[in-house]
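Please open the model in your viewer and keep the selection panel at hand. Each stop below says what to select and what is there.

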Amino acid sequence: MADEHPKAADANAPRPSFSRRSLFRGAGALAAGGAVADASRAAAAAAAPTAVRYVGMSEIELEINGAAQKVAVEPRTTLLNALRNHCTPPLTGAKLVCDRGSCGACTVLLDGQPVYSCMTLAIDAIGRKVTTVEGVAKGGELNEVQRAICEHDGSMCGFCTPGFVLSITACLERKPDASLDEIKHACAGNYCRCGTYPHLFDAALAAGRALRAKGGK
Amino acid sequence: MGAGEFTGAAGANLVQDAPPRAAAPGKKWIKVVKVQNGLDTEVWEEVDDVAGPTWGPREALRLVNHDLPRVDGPDKVTGRAVYTHDVRLPGMAFAQVLRCPHPWAKIKKIDLEAAKQVPGVYGAVVLESEEVKWIGRPIAAVAADTPEHAEDGVRAILVEYYVQRHAVTPELSLAAGAPKISGNRENVRVHETEGDVAAVDAAFAQCAAVVEGEWRIPVQHHACLETHGVVVDYRGGDSATVYASTQGTFTIPGDAARKLGLNGAQVTAVVEHMGGGFGAKFGLGLEGDAACRLSKELGRPVHMLFDRATEFLAAGNRAGGVHYLKAGATKEGELFAFVGRVMRHGGVGQGSNQKQPYIYRPKHSFVEVKSVLTNTDSSRAMRAPGHPQMSFAMEGLLDDLSYAIGMDPLEFRVRNVPENRRATYERQLRQCAELIGWNKHPNRTAPDKSDAEVKVGIGFALATWGGGGGPECKVEVRIAADGSVEVLSGSQDLGTGTRTYLTAVVAEELGLEMSQVSAKIGRSTYGAANASGGSTTTASLAPAVKHAAWNARNAMFEHVSTLLGVPVANLRCTGGRIEDSTNPDSNWIAWKDACAALGTKGLSAQGEWQSHLAASGVGGAQAAKVQVDTLTGEIAVLHMVGVQDCGLVMNRMATRSQLNGGMIQALSYGLFEERVIDPDLGIVLNANLEDYKIAGCKEIGLVQSVLDDADTRGVIGMAEPAVVPGQSAIANAIMNACGARLREMPLTSDKLLMALRGMKRG
């Protein structure tokens, strides 16, 4: 598949081999969360302490939305469940829908890259910057994507909306002039059962225009 | 035009030309469309003849019938919106269920003791101890401190089964010697037969062309992104709160109270936001039963939401079916003779009504409806129950017949729709034709027979639905001394934008901005409201909101009349002030000042349904343009158009969202969705969101939604007709593109290639 997201190739992770999620997500954009996490951890191994074993409920520290937070999780606890069930206050913006990397409702950013948090272990997020939908609006002000989704009626029941906010935000950060096809590609791993897609596309294109106007491009 | 003036659409069978008797004093008769057995029928209804609020001329509306951003949009885009899934309470336990692995089994023994010893587990309950008759039925539930520990607990439950022989598919159930699923009753039931076979046979002899076929319709799943579930918060004492992902706030308290040993008034249901229902979410359900029992036993809140597999297996589906249809037409294009034999597949239930013929009215017809039981979850209502199934078969048959007599299928439709709605359907079909490019399309009276490898075709289909409202809602509008306005209704919002139109209707009536009004919904302590089924929510609720706002405005006028020394009749609300309409520039009072003078008691007004503000019965036409690759079988939907009458629209943007969504769900139904069962093992093979495919961003082409403004009636509701015809239009477009009639959904490449191969051989 053609890589339509230049920055995806810049990620220090090597392109992961073919996986179920890369099939659904398309090219590296949202490349398999777990694989990227492991690979980049390996790449940064020099700085990392030697292998830590976690057994049973363990306290780890995550950087979530710019703040360090201690959470008690098991090695099997997904990043999604850590956010929703173990953070204080609980961060329930990311939704548990399919629990196996098919639907994108659990999307969060890991070092700026969208990943499925249901397919990422919480312990694999140690040392990485986690951004959830709660952390997107800075100082209470909606970002351009959030604003545009409100203006273009890009949500109906709204359960998929946080995932789309992050997929589109990450896409436009890489490429504010993303075309409709590129936006569809970036959101190909996000399902909306209500069928809000056309208005989400309108919103994404409008947000891109707003970002370019802001950036003076 | 007011309610009851039947200009917009729908209405198949008018029961009587005139009302049954003279109206009683203070009453009047109106014609309304009721859906009876899935078919809409006009009936007379006696309603109060009172002067009340009116929506006024559409051009004078400032907020209603405009594009309104949702008032809860910011909550949804920031993750602040709290769904039932997201409720987190102190000491809350997470529950999971154990599903029976056999489609039919008697339970010898269930042992929860080991499960209760698992670290983190708080408790466990048995949900079924005798017999399981369908795939995936939950039989026990475990509550623990984390979902992971609850899963551990579920794995530790010991069950011994007597496995029974099953019939998980209609074929197995229809076979000789099949096990009887419902006691001693036969697996097949005859629900209805209508018409005279001999007369229809004679009528076929007079037809210029006769076509027939068997349409096969798979079981579809609702696939709501938020699974079914509740959080039950009962820590003893005489009150409980049940957070529920439901389409009916008021379907929860009574049932939950019975389970908890309380009375209905002691249980508060909360539905702040909900992540999709599409007909599957009414009442407490197995999940609510489990949570109530666990919460009562443990004395702590219990979070019980189905996992995705359970959602597929035990939370409902759209009934499948087989429709054998045969029809004949005269050479002038009259649908003359018709036979329809329907077999519904509703699992352990009867399946939704699928009585043919859909919409079109043949001169002579014979119809038979049966159902066959299988060892699978009962079907439930799903957006326009029965209609998409009927549409898929009937619209296909209609196109086959129009090509058989060499007639444009659009003209054939116009000719054969019921007389009383011809004008509406014709207007909508011609608008679809214009937007999709039918008028310039080369193959309008016969499918493209050329040797081209890649071909484009266009197809049409129609929808009908009753919608409309009823006296089901009570709404309160409160005005406080600081000028703030609240509108309260217990109604739920499924994603249709309830909060937004409540806000808009009140702000419009009081001459305020939307930001000055807050809507509070989704709580059973607020005014009663109907469950959201049958596209009846808006037509029931909006008139009651309008009435409450009008009553609030009148009460404000009484109060301001003395302040300004102006008769009530001369007052009006506009631009954030109340003014003397005869002297608006100098005699007025700002809204805030008028409210301040109310004092701390403020003002409260109630509203109820007003029949003249609602209407019922909608049509709708859709068209699809599809590209097929005859070499690879690839099917791509390039463009879909929907033209929908809706009565008075509350929020145009949200209504277009609904229509878009209906078309996309229909596309998904047509091209991708199908529950797949292994007949020998008796297991569902695709109870997850990667093997059960739903439409994503890349599968949809251009989707164009048009609200039919020629319809000038009151509020109706249109979510259901939007989902009816899309898959039929796509199948017809494939036929138009290459002459291949695919009679089995999903419409996949392999089926297209097989059909094309059959044509070459034929």
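The tour goes from the interface to a pocket, and then to a few points of the backbone.

This is a predicted model, in which local features need pLDDT of at least 70 and side-chain atom pairs count only at pLDDT 80 or more, while totals for chains, interfaces and linings use all residues. Residues are numbered from 1 along each chain as its sequence is written, chains are lettered from A and ligands numbered from 1 in the order in which they are written, and side-chain values use heavy atoms, with hydrogens and water left out.

**The interface**

Select chain A and chain B together: 54 residues of chain A and 56 residues of chain B take part in the contact (heavy atoms within 4.5 Å). The two chains bury about 4,500 Å² between them, 57% of it on carbon and sulfur atoms; buried area is the accessible area (1.4 Å probe) lost on putting two parts together, summed over both.

Six salt bridges cross this interface (a side-chain nitrogen of Lys or Arg within 4 Å of a carboxyl oxygen of Asp or Glu). For one of them, select Glu690(B) and Arg100(A), where the closest N and O atoms are 2.8 Å apart.

**The largest pocket**

Next, centre the view on Thr496(B), Ser535(B), Gln658(B), Ala719(B) and Glu720(B), which among the 42 lining residues lie nearest the centre of the largest pocket. A pocket here is an open set of points on a 1 Å grid over the protein atoms alone, where a 1.4 Å probe fits, with protein on both sides within 12 Å along at least five of seven lines, and lining residues have an atom within 4 Å of a point. Its space comes to about 740 Å³, a volume being the space filled by probe spheres set on the points, which are joined across faces, edges and corners.

**A loop of chain B**

Now select Lys355(B) and Glu194(B), which form a salt bridge with their closest N and O atoms 2.6 Å apart. Lys355(B) lies in the loop between strand S17 (335-345) and strand S18 (364-372) of chain B, and Glu194(B) in strand S10 (residues 188-194) of chain B, so the pair ties together parts that are 161 residues apart in sequence (strands are DSSP runs of E, at least two residues, numbered from the N terminus).

The loop between S17 and S18 of chain B also holds Pro357(B), which a cis peptide bond with omega of about -5° joins to Gln356(B).

**Last stops**

In chain A, select Thr88(A) and Pro89(A), joined by a cis peptide bond with omega of about -10°. Finally, Asn65(B) has a positive phi of about 70° although it is not a glycine.

Conventions: Helices (H or I, at least four residues) and strands (E, at least two) are DSSP runs, numbered from the N terminus.
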